[in-house]
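Hi,

Here's the structure I said I'd pass on.

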Amino acid sequence: MYEPIRTKSVHRMADDTRNDIPHRSRGEELDIQLAGHLAALLAVTDELGETAAGELIARQVARLRGAPPARHAGLSGAPAEALHRKAHALAGRALVVAASRADTAAAILAAERMDAHAAALSGDPLVAAP
């Protein structure tokens, strides 16, 4: 009535404890993601010429990656308003991941950068904040 199964199952059994593939923890994955968002924010921050803020971001990236980040040398030629919008969005993404990871230092830095870029977009004098 039924045809027998002739191939080996591709599913693993619940009691199969083989660890053929190395796995990262959720925390490690979030650290990698947070470092990526902060590195992207660093590139835009460097392009905007905000060296003090860039140094703060670079320290966080170095802490997360265990090595200093490569600094962005190329310029995109985008207008400052577009760069501030991009930086605001990147800081928001970093804030979400930092909050998920419970990384207070990175969350505070990301929130400060969001505020600074929002102020720059609105023409507020708060732009001088680090």
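Thr51, Ala52 and Arg59 are the exposed residues on the face of helix α2 that points away from its buried side. Before you read on, keep in mind that this is a predicted model.

So what sits on the buried side of α2? That would be Ala53, Gly54, Ile57, Ala58, Gln60, Val61 and Leu64. If you look down the axis of α2, those buried residues fall within an arc of 165°, so they line one face of the helix.

As for its dimensions, α2 covers residues 51–65, which is 15 residues. From first C-alpha to last it reaches 20 Å, close to the 21 Å expected at 1.5 Å a residue.

Next, how α2 sits against helix α4 (residues 104–122): their axes come within 11 Å and cross at roughly 150°. Angles over 145° count as roughly antiparallel, and α2 and α4 are therefore roughly antiparallel to each other. The crossing of α2 past α4 is left-handed.

The other pair I looked at is helix α1 (residues 26–48) with helix α3 (residues 80–101). Their axes come within 9 Å and cross at roughly 160°, which makes α1 roughly antiparallel to α3. Here too the crossing is left-handed, with α1 passing α3. And what kinds of residues make up the contact of α1 with α3? By class, there are 15 nonpolar, 5 polar and 6 charged residues.

Cheers

Terms used. Residues are numbered from 1 along each chain as its sequence is written. This is a predicted model: local features need pLDDT of at least 70, side-chain atom pairs count only at pLDDT 80 or more; totals for chains, interfaces and linings use all residues. Side-chain values use heavy atoms; hydrogens and water are left out. Axes are lines fitted to C-alpha atoms, for helices over the stretch in contact, and angles run from 0 to 180 degrees between N-to-C directions. Helices (H or I, at least four residues) and strands (E, at least two) are DSSP runs, numbered from the N terminus. Angles under 35 degrees count as roughly parallel, over 145 as roughly antiparallel, 65 to 115 as roughly perpendicular and the rest as oblique. A crossing is left-handed if the near helix is turned anticlockwise from the far one by less than a right angle, and right-handed if clockwise. Ala, Val, Leu, Ile, Met, Phe, Trp, Tyr, Cys and Pro count as nonpolar, Asp, Glu, Lys and Arg as charged, and the others, Gly among them, as polar. The expected span of a helix is 1.5 Å times one less than its number of residues. Buried means under 20% relative accessible area, exposed over 50%, partly exposed in between (1.4 Å probe, protein chains only). The arc is that of the directions from the helix axis to the C-beta atoms.
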